[in-house]
There are 2 protein chains.
Amino acid sequence: MPRAATTTDVFNAVAEPLRRRILDFLARGEQPVNAVVDSLRLCQPQVSKHLGVLKQVGLVSVRGNGRQRLYRVNAEGLKPIHDWVMAYEKLWADRLDRLDDYLQRLQSEGTPDDR
Amino acid sequence: MPRAATTTDVFNAVAEPLRRRILDFLARGEQPVNAVVDSLRLCQPQVSKHLGVLKQVGLVSVRGNGRQRLYRVNAEGLKPIHDWVMAYEKLWADRLDRLDDYLQRLQSEGTPDDR
DNA sequence: GATTTATATTCCGATATGGGTATACGTCAA
DNA sequence: TTGACGTATACCCATATCGGAATATAAATC
């Protein structure tokens, strides 16, 4: 079985660098497809496809305006990732604390060597 | 070109649900491979491979102990994801604020219907 | 209705992924 | 040395991904 469907899983949808860049661009505000195409210098079908994926997982929403389709970020869609990562923040914060301790000890003891 | 190498990109490494579960398990503390195998009920080669990916992207570190290999989470490796997602937190926080406003308005005006 | 503009969809090929099975490697014990 | 245990690796298959080119759909304009 290959990876969980990219169209189902937010983690997967965001695993694609281009989709992240598209989201980053849309974060500035609602934009039509062509704005993405021009800004990121991509082929239009490619952009449409990536936007399709982002839409399926709920990371963007669309609104038709004449012949344009305006895409906007739905940041709440990132909450699963946020929540998951946050659970680890404490872990590495602890390590950073220990690093701080270490560095402070170094300082008070004088630098032992190089690195 | 297929997706960016799973062994290079932290986002990608974590896109695989099983790898997330493995990380979650390791978050409780350093564990040998077999503990993962038993706990998650997976095949051993599968686990070794996923651990290999996690190691390559720096999400876990290994330490040999006799014939065991003890894996431990390196939570700092998740920082890129953390940083990226945090940039969006404000966006959806705003929306939640608006939701708060909405709910408060509802309450002060009396519940319109049910739910 | 015909044409242009904006976007979506389809089909294709190359590639790498994840799972499975078998096997190799490394370490400890007898 | 031989064997048992813990883990890593190699190989194969089925599948889905991304990108590209061509084409289809939808809406506005003439």
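Student: Arg20(B) sits in helix α2 (residues 17–26) of chain B. What makes a stretch a helix here?

Tutor: A helix is a DSSP run of H or I with at least four residues, a strand is a run of E with at least two, and both are numbered from the N terminus. Please keep in mind that this is a predicted model, where local features need pLDDT of at least 70 and side-chain atom pairs pLDDT 80 or more, while totals for chains, interfaces and linings use all residues; side-chain values use heavy atoms, without hydrogens and water. Residues are numbered from 1 along each chain as its sequence is written, with chains lettered from A and ligands numbered from 1 in the order in which they are written.

Student: Which residues does Arg20(B) contact beyond four places in sequence?

Tutor: With contact meaning heavy atoms within 4.5 Å, they are Asp9(A), Phe11(A), Trp84(A), Tyr88(A), Val14(B) and Ala15(B). A polar atom of the Arg20(B) side chain also lies 3.1 Å from the backbone oxygen of Ala15(B).

Student: What makes Arg20(A) and Asp9(B) a salt bridge?

Tutor: The rule asks for a side-chain nitrogen of Lys or Arg within 4 Å of a carboxyl oxygen of Asp or Glu. Here the N to O distance is 3.1 Å, so the pair qualifies. The interface of chain B and chain A has 2 salt bridges.

Student: How do you know how much area the chains bury?

Tutor: Buried area is the accessible area (1.4 Å probe) that two parts lose on being put together, summed over both. For chain B and chain A that comes to about 3000 Å², with 67% on carbon and sulfur atoms. Chain B gives 32 residues to the contact and chain A gives 31.

Student: How far is a polar side-chain atom of Ser48(B) from a phosphate oxygen of DNA strand D?

Tutor: That distance is 2.6 Å, and Arg19(A) likewise places a polar side-chain atom 2.6 Å from a phosphate oxygen of DNA strand D.

How values were computed:
A polar contact is a pair of N or O atoms within 3.5 Å; within protein, one must be able to donate a hydrogen and the other to accept it, and residues adjacent in sequence count only if both atoms are side-chain atoms.
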